[in-house]
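Biologist: Could you walk me through the side-chain packing in this one, starting wherever you like?

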Amino acid sequence: MQSKLLTDSGFEKIKGLNSQWHQAMHSNWLYDDLHKWTFWLNLAAIVIPIIILWMVVDRRRFLEIFVFGMLMAMLVTFLDAMGIAYSLWDYPDRFLPISPRLLPVDFVTLPFLYMLVYQRFVSWKSYITASLVLALVFSFILEPVLVWLNLYEPIHWQYIYSFPIYFIISIMVKWLTGIFVARDSNYQT
């Protein structure tokens, strides 16, 4: 049998490097990220959308819209983690030392905006149109603004690559939410 991909000593080295990385990351957050204006921008990107959503959400469809938002947050976070792992992009600052890199956008801002679209544009035709517009805005306006603000750093990535991804995830999440809602309504009858 060929040599193991990861020997015991290799695993120990990785554990040691991982520990050093976490210590350096925590120190960087404590002495740098926490004291930047971007920390407050990230905090606002969490609090403001939650307040707005609470004010405008259709209470009759709250659970459905919330499920949609959570599915969106999970998928976006997964894709973001993959992009970071493959060095496609990175984020210079963290909101919290233990959080995913762009926690406010992945968990709140982006799902919030898609939730508003999902709530407002019920038919597939109108939803697709709104999702296309939102994908254009995210890809060609929001991402460049995040680069300008030094919150996002594309490494091996172009804005044009983001456009189909934003669009496809919006379609996938609406479709999945529709499946869950249909199953839930079958149980209620």
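Modeller: Bear in mind that this is a predicted model. I would start with Trp 124, which has a relative accessible area of 38% and is therefore partly exposed, since that value lies between the 20% and 50% limits.

Biologist: Which residue does Trp 124 form an aromatic pair with?

Modeller: Trp 124 pairs with Tyr 127 in an edge-to-face arrangement, with 6.1 Å from centre to centre and 85 degrees between the planes. Both residues lie in helix 5, which covers residues 124-148, and they are three residues apart, about one turn of the helix.

Biologist: And is Tyr 127 buried or exposed?

Modeller: Tyr 127 has a relative accessibility of 0%, so it counts as buried, whereas Trp 124 is partly exposed. Ring pairs also join these two with Phe 68 and Tyr 118 into a cluster.

Biologist: How many aromatic pairs turn up in the whole structure?

Modeller: The search finds 14 aromatic pairs. One of them is formed by Trp 89 and Trp 157, whose ring centres are 4.8 Å apart and whose planes meet at 75 degrees, so this pair is edge-to-face.

Biologist: What about charges over rings, say Arg 59 and Arg 120?

Modeller: Arg 59 lies over the face of Trp 54, at 4.3 Å from the ring centre, and the charged end of Arg 120 sits over the ring of Phe 121, at 5.1 Å from its centre.

Biologist: Switching to the core, which residues have the most contacts inside the largest one?

Modeller: The largest nonpolar core has 32 residues, and Phe 68, Met 72, Leu 110 and Tyr 114 have the most contacts inside it. Helix 3 (62-85), helix 4 (103-120), helix 5 and helix 6 each supply at least two of its residues, and the largest share, seven residues, comes from helix 4. There is also a second, separate core of six residues, which includes Trp 29, Phe 39, Ile 46 and Leu 103.

Biologist: What does Phe 68 touch, leaving out residues up to four places away in sequence?

Modeller: With that exclusion, Phe 68 touches Tyr 114, Met 115, Tyr 118, Tyr 127, Ser 170, Val 173, Lys 174 and Thr 177. Ser 170, which lies in helix 6, has a relative accessibility of 0% and so counts as buried.

Biologist: Now the pockets: what volume does the largest one have, and which residues are closest to its centre?

Modeller: The largest pocket has a volume of about 380 Å³. It is lined by 21 residues, of which Asp 80, Trp 89, Tyr 91, Glu 143 and Tyr 166 are the closest to its centre. Helix 3, helix 4, helix 5 and helix 6 each supply at least two residues of this lining, and helix 3 gives the most, with five residues.

Biologist: Last topic, the backbone: what is phi at Ser 87 and at Asn 150?

Modeller: As background, most residues other than glycine have a negative phi. Ser 87, however, has a positive phi near 55 degrees, and Asn 150 has a positive phi near 60 degrees. Ser 87 lies in the loop between helix 3 and strand 1, while Asn 150 is found in the loop between helix 5 and strand 2.

Biologist: How accessible are Ser 87 and Asn 150?

Modeller: Ser 87 has a relative accessibility of 36% and therefore counts as partly exposed, and Asn 150, with a relative accessible area of 43%, is partly exposed as well.

Notes:
Residues numbered from 1 in each chain as written. Predicted model: local features only at pLDDT ≥ 70, side-chain atom pairs only at ≥ 80, totals over all residues. Heavy atoms only, no water. Phe/Tyr/Trp six-rings, centres within 6.5 Å; stacked < 30°, edge-to-face > 60°. Helix = DSSP H or I, 4+ residues; strand = E, 2+ residues; numbered from the N terminus. Buried < 20%, exposed > 50% of the residue type's maximum accessible area, 1.4 Å probe, protein only. Lys NZ or Arg CZ within 6 Å of the ring centre and 35° of its normal. Core = buried A, V, L, I, M, F, W, Y, C linked by side-chain atoms within 4.5 Å. Contact = heavy atoms within 4.5 Å. 1 Å grid on protein atoms, 1.4 Å probe; cavity = no way out; pocket = protein on both sides within 12 Å on 5 of 7 lines; lining within 4 Å. Points joined across faces, edges and corners; volume = space filled by probe spheres on them.
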